Amino acid sequence: MRAAWGRASLTRVRGRVRRPVRGRWRLLGRLVQAAGRGDAVSRHELLSVRGHSVAWLFPLLMLVAIAAIDVATGAFHIVSWTVLVPGVAAAICGVRATAVFAVAAVAVYVLADTTWQHRDQTGLPGLILVSLGGAIAVVAAGVRVGGERLMLHMRDIAETTRRTVLRPIPEGWGGLDHAAVYLSSDSEARVGGDFYDIQPGPHGTRVLVGDVQGKGLGAVETAAALLGTFREAAYHEADLATVAERLEVRIRRHRGHTAALGRADGDRFATAVLIGFLPDRPDVVEAVVFGHEPPLAAGPGGVRYLPVTGGLPLGMGDLVPGPPAPPVTRHALAPEETLLVVTDGVTEARDAEGRFYRHADEVARAVTADASNAAPSRLVALVRDGTLRHCRGRLSDDTTVFAVRRRPGPAYG
């Protein structure tokens, strides 16, 4: 996690965003990738046409081809290869379809061995081989289907967790245009320690974007604790400094709780950016930075970092004397300017030569070429695509790109 206050030594989990295989082998490549990940959803989508599964076509064509070659040639005992058919079915079909192909493989073998008789009979050993292979394939299909059901159930749980922590934000919520993208470094996790939210209230609309140190459920738990406090404090508290202090106190309380439970992850901290849009000052924005990279303001007038006075990350305020939270600073912000906040998945993305991705430079070039690229949705897509392109799809950390700007008209209360 690279922050304004320096570098922290963190435990990293290597992850990868798979890129599609190009060219004539794209379908096969995607099937291999899906099988390697155990990704049932991707595999079923690839093997469906208009919502109907066509997975049975592959083992059927294989069985027909084996029978046809066996009839046409007498040089090989190729009919014994029917043992492969239920094995293929076990990998992509259901249990019943696999059982059907296991029986069909035995039937074709017996037919070739007793009826066609264009060469010597292969006999009982071959029949036992095909029958045993079919039985094993049926059992394997049952194990695979059971595992996929469990995986899909766990994915539903992960998706529910993600929507609870990173709740959907309505369009124009709090009088703001916004866009966000979250990419997990673990392609299966779908949720991590990055967090963001918008909370409108009687004192203006507040925005929070941050990154919890570490990985796993402990990081998700810490992010949820901070977001819960933010949603209440941002609505009720008139002063943004009080909201910042509440966040600092909350993470300390959470750390105390996890430490009392004897957990080893009881010392987590978080970098974050807290932004306040004032209801009576459309040309001004307030900001508090907790050891995070400052927000980037992008608009027709150019691209710049807000000159904020940064402080220590959340959870480290007790290391220095003075107020528990960094100071609140005010900055001029043109109506057409968008604030862009990213986490270290962007700032620490490296290319093949180890160079960091300089997203600010790419944003500046894009906005200079076309001022409409400063729109939140375009900025987010630009930085997301640039990050994945720069690191060749190999994310070293969870990645969040969040953009927001004031929209004309009254805010939601």
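Colleague: What should the 15 residues of helix 11 (residues 376-390) span at 1.5 Å a residue, and how far apart are its end C-alpha atoms?

Modeller: Start with the rule: the expected span is 1.5 Å times one less than the number of residues. For helix 11 that gives 21 Å, and the end C-alpha atoms are 21 Å apart, so the two agree. Helices here are DSSP runs of H or I with at least four residues, strands are runs of E with at least two, and both are numbered from the N terminus. This is a predicted model, where local features need pLDDT of at least 70, side-chain atom pairs count only at pLDDT 80 or more, and totals for chains, interfaces and linings use all residues. Residues are numbered from 1 along each chain as its sequence is written, and side-chain values use heavy atoms, with hydrogens and water left out.

Colleague: Which residues of helix 11 are buried?

Modeller: First the cut-offs: buried is under 20% relative accessible area, exposed is over 50%, and partly exposed lies in between (1.4 Å probe, protein chains only). In helix 11 the buried residues are Pro 376, Leu 379, Val 380, Val 383, Gly 386, Thr 387 and His 390. They cover an arc of only 140° around the axis, so they sit on the same side of helix 11. That arc is taken from the directions from the helix axis to the C-beta atoms.

Colleague: Where is Arg 392, and what is its phi?

Modeller: Most residues other than glycine have a negative phi. Arg 392 is not a glycine, yet its phi is positive, about 60°. Arg 392 belongs to the loop between helix 11 and strand 14 (399-406). With a relative accessible area of 34%, Arg 392 is partly exposed.

Colleague: How many salt bridges does the rule count?

Modeller: Side chains of opposite charge can pair when their charged atoms come close. The rule asks for a side-chain nitrogen of Lys or Arg within 4 Å of a carboxyl oxygen of Asp or Glu. The count comes to 15 salt bridges. One of them pairs Asp 197 with Arg 167, at 3.0 Å from N to O. Asp 197 lies in strand 6 (residues 194-201) and Arg 167 in the loop between helix 6 (124-165) and strand 5 (176-183), so the pair ties together parts 30 residues apart in sequence.

Colleague: Are these two partners buried or partly exposed?

Modeller: Asp 197 is buried, at 0% relative accessible area. Arg 167 is partly exposed, at 27%.

Colleague: Which residue forms a salt bridge with Glu 286?

Modeller: Arg 330 does, at 3.1 Å from N to O. Glu 286 is in strand 9 (residues 284-290) and Arg 330 in strand 12 (residues 329-332), 44 residues apart, so this pair links distant parts of the chain. Glu 286 is buried, at 10%. Arg 330 counts as exposed, at 52%. Elsewhere, salt bridges that share partners join Arg 167, Asp 197 and Arg 231 into one network.

Colleague: How many disulfides does the structure hold?

Modeller: A disulfide is a covalent bond between the sulfur atoms of two cysteines. The test is a pair of cysteine sulfur atoms within 2.5 Å. The structure holds zero. Cys 93 is buried at 6% relative accessible area, and Cys 391 is buried at 1%.
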